[in-house]
Amino acid sequence: LHSAREKASVRFAADIQASIREMELPYSSFEVAVVEAPLSATGRDSVVFRFSATGRNPVEVSKCASGGEMSRIMLALKAMRARYANMPTMIFDEIDTGVSGSVADKMGSMICSMGAYMQVFAITHLPQVAAKGSVHYLVSKTIDPTTSKAVSTIEKLSAEQRVLEVARMLSGSELTDAAIANAKSLLS
């Protein structure tokens with residue numbers, strides 16, 4: 001089992017590193033260390049993920065990765081799992097935290113490509129990610145004045161509503177003609 005894990009770790013690390021580099025961390029390195037651990041139901045091994053954004057001196061991910069780097073690493077791990085785990089659905093709740101711009105666009109493309117293997121729901125505040133999906137739902141939360149309880153609602157947006165929602169994500173509360181044009185461009 002130990003030998004199989006060590007052998008698989010090399011290919012696994014290379015695939016994750018390639019995915020991370022596609023998300024604008026071109027010099028990053030990702031390693032998988034299979035280290036000895038106390039005997040348990042899963043064997044005598046423990047797996048440690050090591051990372052470096054610069055490619056030098058990788059250390060345990062939890063000790064070095066920024067929020068945006070962690071988002072990219074997690075997405076790369078989830079994308080690999082989507083290819084091999086035969087899961088019917090994956091839900092991402094703001095996996096794009098800490099990124100924006102072209103990185104968000106690339107993450108959105110990766111999330112969208114996972115749809116070839118499974119159904120994917122992505123909860124996001126980034127227009128670059130929201131524009132990639134085939135269907136757009138708006139989730140809203142209000143407080144019921146009579147009970148003081150939070151009430152969440154979900155609404156499927158029409159094509160026109162979707163343009164306005166992506167424009168709102170781009171510009172804030174005041175929709176501008178430029179934001180609407182940009183939203184149409186993102187959605188096309």
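Q: Hi! How many salt bridges does the structure hold?
A: Five salt bridges. Keep in mind that this is a predicted model.

Q: Okay, take Arg-5. Which residue does Arg-5 form a salt bridge with?
A: Its partner is Asp-45, and the closest N and O atoms are 3.2 Å apart. The pair ties together distant parts of the chain, since Arg-5 sits in helix H1 (residues 2-22) and Asp-45 in strand E2, 40 residues apart.

Q: Is Asp-45 buried or exposed?
A: Asp-45 is buried, because its relative accessible area is 13%, and the cut-off for buried is under 20%. Arg-5 has a relative accessible area of 26%, so Arg-5 counts as partly exposed.

Q: Why does a spacing of three or four places matter in a helix?
A: An α-helix has 3.6 residues a turn, so residues three or four places apart point the same way.

Q: Nice. How accessible are Arg-11 and Asp-15?
A: Arg-11 is exposed, because its relative accessibility is 58%. Asp-15 comes out as partly exposed because its value is 22%.

Q: Tell me about H6 itself. How many residues does H6 have, and what does it span?
A: H6 covers residues 159-171, which is 13 residues. From first C-alpha to last it reaches 19 Å, close to the 18 Å expected at 1.5 Å a residue.

Q: Which residues in H6 are buried?
A: Arg-162, Val-163, Glu-165, Val-166, Ala-167 and Met-169.

Q: What covers the buried residues of H6?
A: The cover includes helix H5 (127-130), strand E6 (137-143) and helix H7 (177-187).

Q: And what follows H6?
A: Gly-172, which has a positive phi, near 95°.

Q: You mentioned H5. What is Gln-128 in contact with there, leaving aside neighbours within four places in sequence?
A: Gln-128, which lies in helix H5, is in contact with Gly-101, Ala-104, Asp-105 and Leu-186. Gln-128 is buried, because its relative accessibility is 17%.

Q: What about Ser-185, where is that?
A: In helix H7. Ser-185 has a relative accessible area of 47%, so it is partly exposed. Ser-185 and Glu-24 are 161 residues apart in sequence, and their C-alpha atoms are 22 Å apart in space.

Q: Changing topic: what is the order of strands in the open sheet of three strands?
A: The order is E1-E2-E3, with antiparallel pairing. Strand E1 (29-40) and strand E3 (59-60) are the edge strands, each pairing on one side only.

Q: How many bridges join E1 to E2?
A: Nine, with the two strands running antiparallel.

Q: How do E2 and E3 compare, how many bridges do they pair over?
A: Strand E2 (residues 43-52) and E3 pair over two bridges, in the antiparallel sense. Arg-50 stands opposite Glu-60 in E3.

Q: How many residues does the hairpin from E1 to E2 go through?
A: Two residues. The hairpin formed by E2 and E3 has six residues between the strands, and Gly-55 in that turn has a positive phi of about 90°.

Q: Last one. Which residues make the nonpolar surface patch?
A: Val-135, Tyr-137, Val-139 and Ile-154 make a patch of about 390 Å².

Q: Where does Tyr-137 sit?
A: In strand E6, which is part of the cover over the buried residues of H6. Tyr-137 is partly exposed, because its relative accessibility is 41%.

Methods:
Residues are numbered from 1 along each chain as its sequence is written. This is a predicted model: local features need pLDDT of at least 70, side-chain atom pairs count only at pLDDT 80 or more; totals for chains, interfaces and linings use all residues. Side-chain values use heavy atoms; hydrogens and water are left out. Helices (H or I, at least four residues) and strands (E, at least two) are DSSP runs, numbered from the N terminus. The expected span of a helix is 1.5 Å times one less than its number of residues. Buried means under 20% relative accessible area, exposed over 50%, partly exposed in between (1.4 Å probe, protein chains only). Contact means heavy atoms within 4.5 Å. Patches are made of residues with over 30% relative accessible area and no salt bridge: like charges are joined within 9 Å, nonpolar side chains (Val, Leu, Ile, Met, Phe, Trp, Tyr) within 5 Å. Accessible areas come from the Shrake-Rupley method with a 1.4 Å probe; for residues, only the protein chains shown count as cover. A salt bridge is a side-chain nitrogen of Lys or Arg within 4 Å of a carboxyl oxygen of Asp or Glu. Two strands pair if DSSP finds at least two bridges between them.
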